[in-house]
Each structure stands twice: as structure tokens, then as C-alpha cells.
Amino acid sequence: MGLRSYVITRVLLTIPTLLLLLTMVFLVMRVLPGDPVSLHFEKKADPLQMEQMRHLLGMDKPLWAQYFDYIAGLVDVNYFSAHGYPNLGKSMQSFEEVGGQVFSAFPATLELAIYSMIIASALGIPLGVIASKSYNSVLDHLIRGFGTVTYAVPVFFLGVILQLIFGVYLHWLPTGLRINPSVVPPPTITGLYTVDSLLQGNFVKFFESSKALILPSLTLGLILSGIFIRLTRTNMLETLRLDFVTAARARGLKDSTVTYGYALRNAFLPILTMVGLQFAMLLGGAILTETTFSWPGLGRYIVQRINFRDYTAIQGAVVMFGLFVALVSLIVDILYAYVDPRIRM
Amino acid sequence: MVRIEMKRSMLARIVPGFTSLVKKGPSGQMVIIGMIIVLALVIMTAMGPWIAPHDPSRSGVGRIRIPPNWQFPLGTNHLGQDVLSRTLCGGSIMLQVSALSVLLCFAIGVPLGLFSSYVGGFVDSAFSLVIDAVYAFPGLVIAIAIAAMLGPGVVNMALSIAVVYIPSYFRIVRSQVLSIKELTYVEAARSVGAKWYTILSRYILPNVVPSIVVVITINFADAILTAAGLTFIGLGVTYDIPDWGWDLTNGRTYISSGAWWIIAFPGLMIILLALGFTLIGEGLSELLNPKLQR
């Protein structure tokens, strides 16, 4: 199978997975108890008014019809070209379009995810290599200990501690929001403040938005780095014992060449796959990080809507998360196939 | 008499097990340290109600937000509850939630994985497709969505966490069974006419158990952190039940006024508990990794 047909098959396989996820989310939201409509009214509400609201939200239709409406809305191309986002229904709390809200919250989450991922890889992969090189030494134990502890720390606890040290005591960094409220956010091009401000050529805005990013992405990055250390270390340990590494050593190659040029290059593929898988965990952590730092992303959107039992909003945000995860795993798989031709067979 | 005999023989098996763990080097020691931490915290939580100096759920036992002193060694929180008493008793909710969710995952994930991979064909593909979809998705998002619909509470938290971790059990069991069921001894059992459930339970399951144990310990650590996360976004218990997650969540608002002790101690307890399980899991997985054995 060539690379192109592999990519096509892989893309086609993503569709049923997404549809399945969507169906499950839809069912969970509808079948489990809880009524968003009654939350809008006092205890003694007019049944007629409640019925009207149910009708407005399409909740008086049978379940299968609601499901069909939902799917039809999602793939409605006309709606998408008119609004710039898919039809995810109307919020049960504010009656606004969920698609618009979800799409405007997404870049904040994306920016946080990208920077956290950079911090986690920059910290985790080199430390993992160093630990595997000094297997069972004091250094190995220290790095491993660091990795294990970061894994056990609740994200929001670390966030609060960092806020306390760098925000409350030292006053070095802001403890919340994407940009200093006195600075006007850069015009939306990609939605990522750091990128948009650079495109605009405004370094003050770039500086302010980077400053706001440091604590949230450090929090999430540190937590994730533990997993990266473990994965890199285990994969490197396995690879360093293989024959080709011994052969390279026997040929008298420099130690750094053997480690980085031979072993890490081969251990890198499984690491890459795992990094892709960790993206899902990163997004979970993002929900808690966003809540801790008042970061106006998708995670905080979900948390705010929970109290209103805003089905459509939660559902829309979950679908958005699902699309994002599917896209990332698609990219990782294609990269993998590009690097390692055996996958395409 | 018979029971005493049995206990003695179990003890005789466990003690050499421990000494052999010590001999296995750092990984074995990690397992032992992890076990000690977990056991200590479980005992502390179980004894909590008896050894706590104050009623952990009563507010106003002292003034609010008193720093640690002789009367309140860990201070009081924003409701005037004794932090020491709440720290001693506060593990109960997390331990209940994680134990219940692990039990649920085990009871559903393992039989499903065994059955699906043994039967193979369409059934297996269908199960795998559903499970993989859940597995690839951010666990906390699913747990939040389900818990948000079910509402707060111990059982609801455990249920929503279980949904997230069933795939881990299913996948590990399935991948092991797929390779084990082709081995000659299974074929031999089948050829002498052993029933499918005999083959699954007596011939295949024992070989899968080591990997399941690793998943269980990691599941415990994750469940504790997820339970803390669910509590953090308001899907946990109420203030009158001592819970580390609740203390951490509600104490953080007062940290800017310098009241660090409200969250520091429950936070450390959560870290310790999760760390204990992580150490066990990581140590075991390294001990059981055949590629690392010389």
C-alpha cells in the first residue's frame, strides 16, 4: 500500500469512530436523568411555558428524531458556509449558537495545549534519555522520582502552588486570563494570541500574552513531563539492549552518536505514538488548568455549563474535543507511516 | 484450626514474596515503599474518626482560618473546621470512589476482554471499535460529562470514572489473550474437549493476571486524581463530609490571603495516596517487562 492510499484509508476510518463517539455522547446526555428546562423556572412553573420551551429546543420530538436532527445539523454545509462553524444546536441556557461559542473558545485551549506540549517534551525526553543512560544510578533514581511525583500531583494543586509563589508572593506573573485586561487582544487571525500579536507586529501584546501563558502551560507541561520521562526511559532502555547498538559500540562510534544517532532515533517512533495518545490526557488536564487560571477555553466552557445541565453546550464541546483528538491521532499515524514504511504494509 | 493453617500458609507465602521483592533491586523496593504508603493511609483513614481531636464535619470548632498552633496543630479552615481532623478522616471518599470504580472496571472489563478476544470475528471487531473510541478520548471529559448528568455523589463519581477505565482492562486482556490462545497448551486443552469457559478461566486467565495487576494499580492512582478533579469542578461531596478533594477545592480561594495550611495538608495527602499506587504500578511493570530482564 502506498502512502497516499494509507492516508485515505486512515481518514475514512476516522469517520465511523467519530460518529460512534457522537452517538454515545448524545445517548449519555439524553438517557441519564436531569432536566435542563426545569432549571429555567421556579418550583411552581407554568407547565404550558415549560412545554413551549421544550418545543423551542426540539426536546418534544422522539429521541431518534432529535438524533437525526443533530447529525443533519452537523453536516449541514450551507449553515457552515454562512456562519463559519458547524451547527451544534442552540444552548439550553442562553439560547445562543453552541457552534459559535465552542469555536471561539477553542483557540485558547489549543494555545495552552501547544505550549504545554512543548514544555513537556523539552523537559521529559532529554531527562528520559539521561535516566536510561545512567540506568540504576543515583541520577536515574532522581529523574525517575521526579517523573513519578509529577504524575501523582493533581494538576490544579500544582497550579495553585505556582500561582501562590509567582503571582501572590513574587508578583512576577499574572495568575489568570489570556492577556492583561488593560491590553486589547490582538485581532483574530489564528486565534492564538502569541501568533496573532506577532503577525500584527505588536511586541507589547506578544509579551503580555506570553507572560499570561507561562504559569498555565508550565503547570500542565510539568504534569505531563513525568509521563514523557517514563516513556522515553523505558523505550530507550529496551533499545539500548538491542544488537545493533552493541554493534555500533563495537565499531568504536562515539557514545553520543550511539545514544542520539542510533538508539534515540529508533526509540523515537514508539515515543511519538505515545505523545499522540497523551494529547487526550493533556486535554483532560486542560479542563482543570483552565478552571484554575480562569483561562477562557473549552474546558472552562464545559465546567461553566455543567451547573445549567446545558446538554447541547456540553455535547458541542465534547464533539469539538473529539474532532481535535481524532485530528491529532490522524496526524501522528500519518507521520508514523511516513517515517516507518512497515506500517503501510 | 483449618483456617489458622490456611492463614499460616498464606503468611508463609507472602513473607518470602516480600524478601524476594527486596532482592529484585530498586523496582522491587518501589513496590514495597508504595505498599507501605497506601497501607499507612488506609489505616489512618480507617482510624480517623477515633483519633481525630474534633468532629471533622462540625464548623466553628474554632475561629476561622487560624494558622497552625498548639490547639489546632494544622490550623482551621474558612468554615472554622479543624484541618487536622479533616486530614485524618478525609481519605474515605477518595478510597471509596477509587475502590468502587476499580471493582466495576475489573468486573466488566476483564470478562468482556476475555470473551471478545476468545470469540473473535465480528463480535470482537464491534467491541474493539467501541472501546477504542472511548479509549482515544480525553478520559476526564467523558467522566465530567457523565458525572454532570448523574449529579454529585460517591457512586456516581465511581460510575463515571469506571466508564473511562474499562477500555484499559479490555485492551490489555484482549492483547494478551490473542497471543496466548494460539499457544500449544491451549490447543491441547481444546483437543481433549475442555469447555470454552474452562479454557478461559483455568488456562488463559492465570497468564493474564500479572498484567491486570499493573493496570489495577495505575487505575487506582488515576481514579484518585480523577475523583479529585471531579470534586474540583463541583461534582463531588458537600462540606459536611470530610474529603481531601473538597478541602483542596474550596480552600484555594483563600490562598491569596496567605492561608496556605487549608490546602497544603489535604493536597499532600492526595499526592501521597496517588504516589503510593503509582510506585507500586511502576515498580511492578518494570519487574514484569520481559524486554528488560537480562
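A salt bridge is a side-chain nitrogen of Lys or Arg within 4 Å of a carboxyl oxygen of Asp or Glu. Under this rule, two salt bridges cross the interface of chain A and chain B. The model is predicted, so local features need pLDDT of at least 70 and side-chain atom pairs count only at pLDDT 80 or more, while totals for chains, interfaces and linings use all residues. Residues are numbered from 1 along each chain as its sequence is written, chains are lettered from A in the order in which they are written, and side-chain values use heavy atoms, with hydrogens and water left out.

**First stop: the interface**

Select Arg144(A) and Glu282(B), whose side chains meet in a salt bridge at 3.6 Å, N to O. The side of chain A that touches chain B receives two or more residues from each of α1 (3-31), α6 (138-152), α7 (155-169), α9 (203-240), α11 (255-292), α12 (298-306) and α13 (311-339) of chain A; helices here are DSSP runs (H or I, at least four residues), numbered from the N terminus. Of these elements, α11(A) gives the most, with seven residues. By class, this side has 31 nonpolar, nine polar and six charged residues. In that scheme Ala, Val, Leu, Ile, Met, Phe, Trp, Tyr, Cys and Pro count as nonpolar, Asp, Glu, Lys and Arg as charged, and the others, Gly among them, as polar.

Now display both chains together. In total, 46 residues of chain A are in contact with 48 residues of chain B, contact meaning heavy atoms within 4.5 Å. The two chains bury about 4,500 Å² between them, 76% of it on carbon and sulfur atoms; buried area is the accessible area (1.4 Å probe) that two parts lose on being put together, summed over both.

**Second stop: two buried helix residues**

Select Gln163(A) in helix α7 of chain A. Gln163(A) is buried, with a relative accessible area of 11%; buried means under 20%, exposed over 50%, and partly exposed in between (1.4 Å probe, protein chains only). Beyond its neighbours within four places in sequence, Gln163(A) is in contact with Val168(A), Thr175(A), Leu215(A), Thr292(A) and Phe293(A).

In chain B, move to Ala227(B) in helix α9 (residues 196-232). Ala227(B) counts as buried because its relative accessibility is 2%. Apart from neighbours within four places in sequence, its contacts are Val97(B), Met157(B) and Ile161(B).

Return to chain A and select Asn136(A), in the loop between α5 (98-133) and α6. Although not a glycine, Asn136(A) has a positive phi of about 65°, and at 36% relative accessibility it is partly exposed. Next select His171(A), in the loop between α7 and α8 (193-200) of chain A. Its phi is also positive, near 55°, and His171(A) is exposed at 64% relative accessibility.

**Last stop: aromatic rings**

Over all chains, the structure holds 13 aromatic pairs. Rings of Phe, Tyr and Trp (its six-membered ring) pair if their centres lie within 6.5 Å; planes under 30 degrees apart count as stacked, over 60 as edge-to-face and the rest as tilted. Select Tyr85(A) and Phe103(A), a tilted pair with 6.4 Å centre to centre and 45° between the planes. Tyr85(A) is in the loop between α4 (77-83) and α5 of chain A, and Phe103(A) is in helix α5, 18 residues apart. Tyr85(A) is buried at 17% relative accessibility, whereas Phe103(A) is partly exposed at 30%.

Finally, select Phe26(A), Tyr67(A) and Tyr70(A), which ring pairs link into a cluster.
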